[in-house]
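These are my notebook entries from going through one model.

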Amino acid sequence: MENTKKKNSFFYGWLIVVGCILIQAVPYSLAANIQPAFTNYVTSGEGFTYTQFSLIFTIGTVVSALCSPFIGKLYSNPKINIKLLYALGVILVGGAFSAMSLAGGNIFAYYALSIFVQIGSAIISAIGVPTLINSWFTENKGIAMGLAFSGGGLGNMVLQQFAGKWLSNPQIGYKGAYLRFGLLAIIVALPVALFIMRFPKSKAELEMNKSKKSKNDSNSKQNSNWGYTFAEVSKIKYFWIFATSFIFVGLYVGGMALQFIPYLQSLEQKQIFTLGSALVASLFGLFSIFGNLCGGFLFDKLGIIKSLVLAGLLVICCGLCLIFVGQINALGFVFSVCLGISMFSYIIGPSYMTGALFGNKEFGTILGIVQIFFAAGFGTGSTLFGLIVDKSGFTSAWISTVIYAIIAYSGLLYSTSSIIKMNKENNVFETKKIS
């Protein structure tokens, strides 16, 4: 009896978190972080222009964002075999990444393969990871999501070392590196997809995640299995304010997170910034891992509103630091810490808030729509930033990111507080309870 009790006390959701960490560490990192490392090698080797090759990121991101609602719909289908869906995603990422070793001088082959990589990444990461975490965790959801997404930072730290060695080795080169990374993704992630990933089989499994207090509190809202359909959500004006706010989140991220290194490098060349852009970038990478872990804790312990206020203040601080970093070099370190921690608002935020505000019923579909808005902002953010720099200089561009952040977090605070109030008034935790 005692052994049986101990065996049954294990909550399988934490094994799902481990699986998500591995997914984020390898196939997701390839799609999001390792691909840019190939740019100089492929362009010089195949004769592409920088602009031609850079389009693989834009095309892949846009197509995968457009596919996200359909992927979310698949996850919302109770008949879906999640193991096969995850396996498909892994094969798309790993197989397409490997196939780039055969693309040669055909730039359109890179574009097509990039689309497959990003669609696969959406299946297993952007939609898959938050859908799994949301389905398993009623308590400690933010912590679990933070742990899951931290795998991307950990994987990036390790895989970048391999990228540097393989790409600089003439016997391997970018073609051999593409092949090796793609096979590595399949070897690591396919067993995870087939033997770990699954939805809860019963309510009894979910009960193991609940504290004694929650089990005794039959009226506890956070433990109710409830949810809106997308048809219902689409009629709520606050949802569209919520989703539209992520356009402005994407705009500031596309400028701030992607352009701070070139900016600091330009200041280095003028000997205005002497602390080193590489050191600031490394510190940002370290605190981005901390930000995901810390962000999950903040959402769980402080709630959505207070967490958004904190994230908004951190991002505004980031913009101000970049404006004055030429005068006070130490602000470069303050920037990297603040931006790294604030990442939880756009890495964890969309999935956490979608689940908390709209429930589990069609979580994947609703999250897919939100992801389109973020992708629209992110896809244009860097280009718009560059246009402002060309016309008015970096100071004006950083001011624009601060304005985007103010609009983004004002919209998120207004919409989330309104939805929370609406849910309480309509008692949606009971009226939309999933049987």
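I looked up N140 and found a relative accessible area of 31%, so N140 is partly exposed. The cut-offs I use are under 20% relative accessible area for buried, over 50% for exposed and partly exposed in between, with a 1.4 Å probe and protein chains only. N140 sits in the loop between α7 and α8 (141-168). I number helices from the N terminus as DSSP runs of H or I with at least four residues (strands are runs of E with at least two). The phi of N140 is positive, near 60 degrees, and N140 is not a glycine. I noted this because most residues other than glycine have a negative phi.

Q271 also has a positive phi, about 60 degrees, without being a glycine. I located Q271 in the loop between α13 (237-269) and α14 (277-302). Its relative accessible area is 68%, so Q271 is exposed.

**Confidence and conventions**

This is a predicted model, in which I read local features only at pLDDT of at least 70 and side-chain atom pairs only at pLDDT 80 or more, while totals for chains, interfaces and linings use all residues. I number residues from 1 along each chain as its sequence is written, and side-chain values use heavy atoms, with hydrogens and water left out. The mean pLDDT (the predictor's confidence in each residue, from 0 to 100) is 89 for the protein, and 94% of its residues reach 70 or more. Over residues 218-223 the pLDDT is below 50, and I found 10 contacts for this stretch in the model beyond near neighbours in sequence. A contact here means heavy atoms within 4.5 Å.

**Salt bridges**

How many salt bridges does the structure hold? I count 3, taking a side-chain nitrogen of Lys or Arg within 4 Å of a carboxyl oxygen of Asp or Glu.

I checked E362 and K73, whose side chains meet at 3.9 Å, N to O. E362 is in the loop between α18 (349-358) and α19 (363-392), K73 is in helix α4 (residues 50-76), and the two are 289 residues apart. E362 is buried at 17% relative accessible area, whereas K73 is partly exposed at 47%.

R198 pairs with E205, with the closest N and O atoms 2.7 Å apart. R198 is buried at 13%, and E205 is buried at 16%.

E232 and K432 meet at 3.1 Å, N to O. E232 lies in helix α12 (residues 230-233) and K432 in the segment after α21 (428-431), so this pair ties together parts 200 residues apart in sequence. E232 is partly exposed at 32%.

**Helix α6**

I then looked at how α6 (residues 107-126) meets α7 (residues 128-136): their axes come within 4 Å and cross at roughly 20 degrees. Axes are lines fitted to C-alpha atoms, for helices over the stretch in contact, and angles run from 0 to 180 degrees between N-to-C directions. The two helices are therefore roughly parallel, on a scale where angles under 35 degrees are roughly parallel, over 145 roughly antiparallel, 65 to 115 roughly perpendicular and the rest oblique. A122, I123, I124, S125 and A126 of α6 make the contact with G128, V129 and P130 of α7.

Is Y111 buried or exposed? Y111 is buried, at 11%. I list Q52, L55, I56 and I59 as touching Y111, not counting residues up to four places away in sequence.
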